Amino acid sequence: MIKRPGIQSSFWFEDWKILTAVTANRTDKIRARFWRKLQSGYALLMLSPKSPTCNVADFHERCRWTQPGDGRALMRLAGKRAFVTGGRQGIGRGIVDAFVAEGAKVTTCGRGARPAQLADNILWHELDVSDSGAVSDLAQAIGGPDILVNNAGVQVEKTVADSTDEDWDLVMGVNARGVFNCCRAFIPAMPTGASIINIGSISGKVADPSMALYNASKAFVHGLTRSIAVDHGPDIRCNAICPGWIETGMLDAAFDLANDPVKAREDALARHAVRRFGKPGDIAAMSVWLASDDAAFATGQLFTIDGGMTASSPLNPGLF
């Protein structure tokens, strides 16, 4: 495969046959001119929607190009419709903003009224994902998206012995049943080539102390992700992102459990190979890739994004 030099983009030409196809019925001279533009750092943004091939004399007029070195990348999600749960803040908001920047038409949801800062071109629905009837009604109203991101989540900082039935209903209702509800409601209407991205957690792989229900709920998400990939491929891809410690309100709540939150934070930072906590944008970047056609061969996988924290042994003498 041949990547265009000089442009940060996911747009690839497989080989000379692809170049020949998009310049059908043109002379080798025109074809070579097209190729030289790519080699010189121009980016082909799009062909005319009138035809998948360019077989008329105004071929170059029907293509939109960037200028060499202007740094613009192709919009990887242009023309796609995305539905993101829990897009009010944190990771969900980061994913919403990244999808919009990549050209997607985004709908998001959450409990409560529309956030004041949400851009006008982003659609908002008030929704409790644990309510299967409400999720089903919304799915019928908006139709099947090209991209479904199950991000909505809550946590309760308790052990099993301390957890109540209400805690179970809240955490498992949103984190587990909510993901199930959205997948069940939207999958039948999603088009071929669609992508589902579930936000899991490293806590579904290794247990965080005093987070029993949260840990269990994320393990469920990981198992459901694999099942969807197996049962609904090849029409739909399904993957999970397993964030590590991301700078959100949930991270602050976890440190508040420590006897010395300041020292706990310092110790946690030292256990990250990149020496920082994650940001919502780090998870959003992986979400964009999984939602795009670049990830066409990725399905049924759990992608850990944790700054290298779980890569190292917990017995790390270098910290002391």
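A residue is called buried when its relative accessible area is under 20%, exposed when over 50%, and partly exposed in between, using a 1.4 Å probe and protein chains only. By this scale Trp-289, at 29% relative accessibility, counts as partly exposed. The model is predicted, so local features need pLDDT of at least 70 and side-chain atom pairs count only at pLDDT 80 or more, while totals for chains, interfaces and linings use all residues. Residues are numbered from 1 along each chain as its sequence is written, and side-chain values use heavy atoms, leaving out hydrogens and water.

Now for the aromatic rings. A pair of rings is described by the distance of the centres and the angle of the planes. Rings of Phe, Tyr and Trp (its six-membered ring) pair if their centres lie within 6.5 Å; planes under 30 degrees apart count as stacked, over 60 as edge-to-face and the rest as tilted. Searching the whole structure gives five aromatic pairs. In one of them, the centres of Phe-255 and Phe-277 are 5.7 Å apart with planes at 50 degrees, so this pair is tilted. Phe-255 is buried, at 6% relative accessible area, and Phe-277 is buried too, at 3%. Trp-289 and Phe-303 form an edge-to-face pair, 5.9 Å centre to centre with 80 degrees between the planes. Ring pairs also link Trp-245, Phe-255 and Phe-277 into a cluster.

Elsewhere, Met-172 is buried, with a relative accessible area of 13%. Leaving aside neighbours within four places in sequence, Met-172 is in contact (heavy atoms within 4.5 Å) with Arg-177, Leu-213 and Ser-217. Met-172 and Phe-220, 48 residues apart in sequence, are 9.3 Å apart in space, C-alpha to C-alpha.
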